[in-house]
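I begin with the ligand site and then turn to the contact between the chains.

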Amino acid sequence: MNTALSKEDRAFAEEMRAFFASEMPAEMRERLGRGGHPSRDDIVTTMRILDDHGLAAPHWPVEWGGKDWTPLQRHLFAEEMVMANVPSPLAFNTAMVGPVIATFGSQEQKERFLPATARCDIWWSQGFSEPNAGSDLASLKTTAVRDGDEYVVNGQKTWTTLGQFGDWIFCLVRTDSAAKKQRGISFLLIDMTSPGLTVRPIHLIDGGYEVNEVFLDNVRVPADQLVGEENQGWSYAKFLLGNERTANASIGLIKSRILRIKRLGGTALDDPLLRARLTRLEVEATALEMSVLRVLAREASLPPGVPDPTSSMLKLKGSELQQDASELLTDILGPAGLAYRETDEVPAGFDALPEGALDAMPTYFNWRKASIYAGSNEVQREIIAKTILKF
Amino acid sequence: MDLDLNDEQQMLADTVGSLLEKRYDANARLQLLESSELGWSRELWQQYADLGLLGLTVDEQYGGAGMGAGELAVVMESFGRALILEPFVATVVLGAALVDAAGSPEQKQAILPGVTAGSTVLAFAYAEAASRWSLTDIAATAVPAGSGWTVSGEKIAVLGGDSADRVVVSAKTPDSDVGLFLVEGDATGLRRDAYAMQDGLRGADLLFEDVPAVALGEPADALAALESVLDTAMAMLCSEAVGAMERMLWMTVDYLKTREQFGAPIAVFQTLRHRAANMYVSLEQARSMALAARLALLDDDVPARRRAVRAAKLQIDLSARHIGQEAIQLHGGIGMTMEYPVGHYLKRTTAIAKTFADADLLTQLVGADEGLVTAD
Ligand SMILES: Cc1cc2nc3c(=O)[nH]c(=O)nc-3n(C[C@H](O)[C@H](O)[C@H](O)COP(=O)(O)OP(=O)(O)OC[C@H]3O[C@@H](n4cnc5c(N)ncnc54)[C@H](O)[C@@H]3O)c2cc1C
């Protein structure tokens, strides 16, 4: 454990580690530790157990189930969860829409949505991106036109992660087409079973289906599902994206991947060049962890919800290291990772597959996403450049 | 978890920073570098002494301030920003620390007050032409002679070796211990081939021919003391390099905003903006590891401490190479000139990368055994 941590912090982390070890299903942790993808059920199960222990959303306001923890404690909690191979709570619920509703929603919305969101009785999807609005998100075109007590929504969202499981989707929609870009955008909560809403899966290069297109064709949305004020949605979205300064570093994930490489590496790691790459990855990860701790240590003095260059730095480096780790594992497995298989079952008489053979290469392909989403790395560099150049 | 400077450290940083800002602008430095006999300023050295910097980590009973590596790191970072030419690493970070770690109380009493007062310059001679990075694979020998020893051999790249009043030298005893020996600067049989190093700091190759010497402590205990002094010294070079990297980044940022080509400040070109952003990321990673190194020095677990310090220096060396090379590139031709400061920072950080251990060796050392990231 990091030498920068105080005795109390370490004790806290130990306590969380013990909690995950004793309360989370061993079968699931073991399966995910071997590189399996968390299923919908894994995520729901995890969130229910967390909720049963009052730990579903520690960073929410206390009256909605949050914990009065320091930023560092929240970080340690999340990190121990990843290191224990417990799937992280659905970010759309706990990191995104939850804090937005808790901060900007009406009392009625809070009561209606927050408990169900924490427990994952509602599975949320994020409907921001559109075919022609990616990095330039504010150019989005999906419209919501007020008609009596309802909005009528038309348009298309895309890249909707795990939208195939979605019960509800929080969308950025244009409510004022005359206003300039950011000005005319609103934040709308939409029931995905509404007539006129269809979801179509997108096949990704790793062979899996984790993102979707969402079509909205005259979808009628009750007006009380507007969060906050009309045409203020952009500021809520910015709050949402800047909410978790350090989470995008994915340091827990990177560390757990490094441990996995060491576990699976075997004699491949006697190769001095592979070993050297592993070492440099470890050094960068150690530096990143310290960078995270530095940001956490001064978190209290930073304005909330404002993107800043350190969170961009953490996202940039974190995504790169995540990608480097996935690449290194494919290089260690070599030809053993070449076969594309749905399961690790082999016919009688054949050798069992080495661990990692099933998922290493798909993960490498899949994690190319890390530098594209959550603000592409070029966008992050631009944020840093703007801050340091003031230009 | 408190990772910020405490009040005392902040005050130290401010004091040193404002002195250097006044006294160490690029022209003053260039003047010292190119036109002074000594290559550094005795007058500033005395000011460092008056501010207590030369005795910062020296015990109070020997005239020092008895502070720790945390305070020293603050000073080193300021020195890195200003790119000072005085033999601080040679005298304080190495020489005095070795006397303190390995010497007898009498030896400390004889040497450390002079260092603290600014009247004694020290140097540590350890590298040899064939030893590369090894502390133990050395040819220099020490043999008992009367109540003392005589040392023979040739040492290279001795920082401060040109002007040191006393030299600590590593040499093998007949028992094959790597001992530390103290030699007077004017001892018979000691010859100096003095030069400026690539980074402008002064140094020398030293030839020892049966030079009378005294052992610093017991030769059998010297290596362990030496290794722990080098742990601290590596961490201090990390802090110095972070100061230098920071200056390179900000110099580059300023230049991008003021240099105009194609009718606009070159800061409009995204390829340059993004490379500046990457430099920022490298700097933050380096800063984090310099901090990690400083914290690791408090660790009693020697292998863990050593691994952490080496990992830090590895990150620093890689960051410094990246930042230094990009700083020159983003400046264009002006960055190539001796007159413009940015190249001098590249030179210093390049020299740091070739001091004690380089990135390739550090990669091997850190990667041995269980490595850095463990499941604990
Ligand atoms: C796996 C995955 C899951 C996702 N999940 C969701 C989700 O659940 N909900 C959701 O709303 N969105 C989601 N996204 C969308 C994601 O936010 C967008 O992909 C992202 O904003 C980039 O937009 P784009 O794909 O249209 O690329 P573009 O914006 O078209 O970018 C193309 C390239 O140009 C670069 N570029 C763009 N603008 C600039 C600039 N100003 N300067 C320099 N370079 C620039 C980009 O960095 C990129 O390299 C997901 C994406 C992926 C890949």
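1. The shell around the ligand is made up of six nonpolar, eight polar and three charged residues, where Ala, Val, Leu, Ile, Met, Phe, Trp, Tyr, Cys and Pro count as nonpolar, Asp, Glu, Lys and Arg as charged, and the others, Gly among them, as polar. This is a predicted model, in which local features need pLDDT of at least 70 and side-chain atom pairs count only at pLDDT 80 or more, while totals for chains, interfaces and linings use all residues. Residues are numbered from 1 along each chain as its sequence is written, chains are lettered from A and ligands numbered from 1 in the order in which they are written, and side-chain values use heavy atoms, with hydrogens and water left out.

2. Because residues from both chain A and chain B surround the ligand, the site is shared between chains; a residue counts as near if one of its heavy atoms lies within 4 Å. Of the 17 residues around the ligand, those that come nearest are S135(A), W159(A), T161(A), S376(A) and E378(A).

3. A polar side-chain atom of E378(A) lies 2.6 Å from an oxygen atom of the ligand, and a backbone N or O atom of W159(A) is 2.8 Å from a ligand nitrogen atom.

4. Turning to the interface, 42 residues from chain A and 44 residues from chain B take part in the contact (heavy atoms within 4.5 Å). Three salt bridges are counted between chain A and chain B, each being a side-chain nitrogen of Lys or Arg within 4 Å of a carboxyl oxygen of Asp or Glu. One salt bridge joins the side chains of E284(B) and R294(A), at 2.9 Å from N to O.

Notes:
Polar contact = N/O pair within 3.5 Å; in protein donor to acceptor, adjacent residues only side chain to side chain.
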